[in-house]
Amino acid sequence: MTAPPFLTLHELVKKARQKLNHDNWDYIVGGAETETTVRRNRLALDSIAFRPRVLRDVSRVDPSTRFLGRALRLPIVLAPIGGLELFAPEGGAAAAKAAQEFGVAHMLSSVCEPGLDAVAQAAPAALRMFQLYTRGDGDWVDAMAARAIAAGYAALCLTVDTAYYSRRERDLAKRHSRSGPMPQREFQARLSWSDVARLKAKFAIPLILKGIATAEDATLALEHGVDMIYVSNHGGRQLDHGRGAMELLPEIAAAVGARVPIIVDGGFSRGTDIVKALAAGASLVGLGRMQCIGLAAGGQAGLVRLLELLEEEIRICLGLLGVNAWAELDRSYLHPAPPVGAGDTLAAFPLLALDERSFY
Ligand code: FNR
């Protein structure tokens, strides 16, 4: 498939904004209530500077990694996104196919079309994981877990930061339907550690908890045999006035150590952001809104192009840090720094407002 000629990430953002209607754009970029958590995700990343090392022969930079026994071209997972079919006709299948084509991991949301079987068929060779929102009792959850295993998903992820659906005021203000009542939501509020214990006891598939935001809960997760910790504040879409994801990572990485892999998401938009997460102890970075933007801009090819641009940014960043491989990177490459902006939603793309014709 020929990739569209996007030369920078902000060109993809611009194209997505042109193609999406106002409701869908706001649904993607918005967050809960005051959107403070959304901005803190960006601010937390912008509050870290690099400490580069030089003269180390960086002629062999390799940003690939291994995860769940598989080779990945970048340490990236396409985060679970509900309703992708609103932004790209093939929905979750387009994202999974992009993951397969480029070589990153994919996590399918249980509220994304065309559903877990069709997505498995569309991208049989992708490293696919399945994220579940609880919409029924223990038997319902177990049946969904069994279906995911039968369809070849490599891990099961429970999202645990959504006991209540937040007030997304961009949607509410416009009477956009997504914030209305949703059936069976109460099951999500009833989830407890006993459900985690039951799933671990019943199913051999690796279990991930998404939405861990404290060292205490990371420790409890390990005590319950959880196989991976997914550090997330849901992209600032759930609890308002939470900490930025990159602020959460150090305390959780310290609690978890090297015992299980850590996935992190929330505001990761540029190659440098991803490098910061790996230096701080994450194994994989989730892309939420950036995935929506790639798909909205150009479907599967748009998302593949977005990943290519991230790869280029990451390769250059690693080389300029004096690092050839992820194993050489650690916290000594990071340093606290005053952010240069206020963490606005699109702060990672300062050239968005620029008229490109002025370059010609
Ligand atoms: C989400 N997210 C999400 N998470 C989840 O566990 N299940 C889901 O169905 C969804 N749906 C969803 C829809 C949309 C439009 C967005 C933007 C996000 C949260 C997602 O997986 C991830 O945690 C955040 O998006 C990460 O933050 P960034 O990368 O968007 O800043």
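**View 1. Aromatic pairs in the predicted model.** In this predicted model, the count of aromatic pairs comes to 2. One of them brings together Tyr 27 and Phe 87. Their ring centres sit 6.5 Å apart and the planes meet at 40°, so we call this pair tilted. For anyone wondering about those two numbers: a pair of aromatic rings is described by the distance of the centres and the angle of the planes.

**View 2. Where the Tyr 27 and Phe 87 rings come from.** Buried or exposed? Tyr 27 has 11% relative accessibility, so it counts as buried. Phe 87 comes in at 8%, so Phe 87 counts as buried too.

**View 3. Helix H10 packing on helix H11.** Here H10 (residues 215–223) meets H11 (residues 245–256) at an angle of about 30°, and the axes are 8 Å apart. That angle makes H10 roughly parallel to H11, because anything under 35 degrees goes into that class. As for handedness, the crossing of H10 and H11 is right-handed.

**View 4. Side by side: the residues of the H10 and H11 contact.** Which residues make the contact? H10 puts in Ala 215, Glu 216, Ala 218, Thr 219 and Leu 222. From H11 come Glu 251, Ile 252, Ala 255 and Val 256.

How values were computed:
Residues numbered from 1 in each chain as written. Predicted model: local features only at pLDDT ≥ 70, side-chain atom pairs only at ≥ 80, totals over all residues. Heavy atoms only, no water. Axes fitted to C-alpha atoms, helices over the stretch in contact; angles between N-to-C directions. Helix = DSSP H or I, 4+ residues; strand = E, 2+ residues; numbered from the N terminus. Parallel < 35°, antiparallel > 145°, perpendicular 65-115°, else oblique. Left-handed = near helix turned anticlockwise from the far one by under 90°. Contact = heavy atoms within 4.5 Å. Phe/Tyr/Trp six-rings, centres within 6.5 Å; stacked < 30°, edge-to-face > 60°. Buried < 20%, exposed > 50% of the residue type's maximum accessible area, 1.4 Å probe, protein only.
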